[in-house]
Amino acid sequence: MSRHVLVVCATVFLMAQGAFFRTAQADEQNRFITIGTGGPTGVYYPVGGAICRLINQSRRLHGIRCTVESTAGSLYNIKALHGGDFDFGIAQSDIQADASHGTGPFAQTGAVKDLRAVFSLHVEAFTVLARADAKIIDFDDLKGKRVNIGNPGSGARDAMERVMAAKGWTLNDFAQASELGAGQQGDALCQNQIDATVYSVGHPATTISDTAGACDTVLVDVAGPAIDRLLAENDFYSKTVIPGGLYYGNPDPVTTVCVGSTLMVSAATDPEIVYQLVKTVFENFNAFKRAHPALAALSKEDMVRGPFPVALHEGAQRYYRAAGLLGDGGGQGQIHNQRRSGEERR
């Protein structure tokens with residue numbers, strides 16, 4: 001091998017080695033976070049994606065890189081946060097309450113004490129969608145039908161079990177009870193494999209509009225004395241109305257119950273990371289709200305007010321106080337009646 005070739009090879013090697021060390025150094029300077037969300041057809045996934053997009057667009061300012069992960073939903077996200085698998089996760093307020101009190105799905109494992117809130121997000125309505133030819137008008141008509149009750153670990157499944165318990169129902173009240181995931185239930189409904197399915201979702205929701213556009217479906221009322229008792233006994237639930245005209249074939253408003261959704265984090269997460277995430281979202285607030293129609297009615301005040309069953313993370317508190325959004329008494333979240341303006345908006 002000639003001396004010239006050796007010099008060229010050595011130069012290329014040194015350049016590659018330099019590029020490797022520059023990349024390694026850049027990675028050391030960057031901090032990586034992951035947000036656990038929900039199914040790709042729901043609202044959690046695009047909301048998490050919107051947060052990550054804003055973080056990544058401004059990473060030269062704070063050195064944080066963000067990725068989003070599709071998951072089974074609220075219960076999974078809280079367990080993953082507690083286990084250290086995610087840095088942030090989105091969860092419904094009812095499942096947050098169970099986690100903080102050691103009730104419901106956390107009765108066996110005990111309360112999760114290391115959860116903290118970052119900010120509140122959209123209202124999630126318990127939504128029952130049925131085939132138009134199944135003759136289902138209200139929730140009681142689900143008796144004797146083929147119903148998808150939601151996949152285990154999802155907010156929809158949790159809400160369905162609470163409503164069933166309020167009515168004194170068991171799975172034997174259905175002709176068939178399936179546990180399909182978010183990506184399967186619409187096809188199953190249109191292919192006449194089930195008569196109805198349940199969601200816990202912010203409206204308008206792509207997963208419902210796609211199904212309503214593919215086959216004749218109707219939204220189902222969830223109301224009555226048993227639901228009134230459920231609302232009275234659980235502060236994290238509130239009555240809401242899904243407006244008429246949001247989905248094809250559904251011109252009339254439908255009454256149901258709803259919960260809030262929250263971006264959660266572990267208490268052990270670096271306060272600077274939480275501060276920078278909140279700062280980035282709130283200083284690009286209009287862009288964030290445009291990420292999904294379910295976010296359009298959000299206000300900064302609502303996002304800070306909750307409801308939260310756990311305390312706000314200290315990094316979030318730091319930003320809110322600096323922005324004048326949190327008084328001296330703030331920081332300890334309290335479950336209260338679901339967002340007073342939520343019903344008015346709907």
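## Tyr-320 and the nonpolar cores

Tyr-320 touches Val-118, Phe-119, Val-278, Phe-282, Val-304, Leu-312, Leu-325 and Leu-326, leaving aside residues up to four places away in sequence (contact means heavy atoms within 4.5 Å). Tyr-320 is also among the residues with the most contacts inside the largest nonpolar core, which has 67 residues. Such a core is a set of buried Ala, Val, Leu, Ile, Met, Phe, Trp, Tyr and Cys residues joined through side-chain atoms within 4.5 Å; buried means under 20% relative accessible area with a 1.4 Å probe, protein chains only. Apart from it lies another core, of 28 residues, including Phe-139 and Leu-230.

A word on the source: this is a predicted model, in which local features need pLDDT of at least 70 and side-chain atom pairs pLDDT 80 or more, while totals for chains, interfaces and linings use all residues. Residues are numbered from 1 along each chain as its sequence is written, and side-chain values use heavy atoms, without hydrogens and water.

## Strand β7

Six of the six residues of β7 are buried, so this strand is largely enclosed by the rest of the structure (strands are DSSP runs of E, at least two residues, numbered from the N terminus). Ala-196, Val-198 and Ser-200 lie on one side, with Thr-197, Tyr-199 and Val-201 on the other.

Now for its partners. β4 runs antiparallel to β7, joined by six bridges (pairing takes at least two DSSP bridges), and Val-128 stands opposite Val-198. β5 runs parallel to β7 with two bridges, and here Asn-148 stands opposite Thr-197.

Note on methods
Buried < 20%, exposed > 50% of the residue type's maximum accessible area, 1.4 Å probe, protein only. Helix = DSSP H or I, 4+ residues; strand = E, 2+ residues; numbered from the N terminus.
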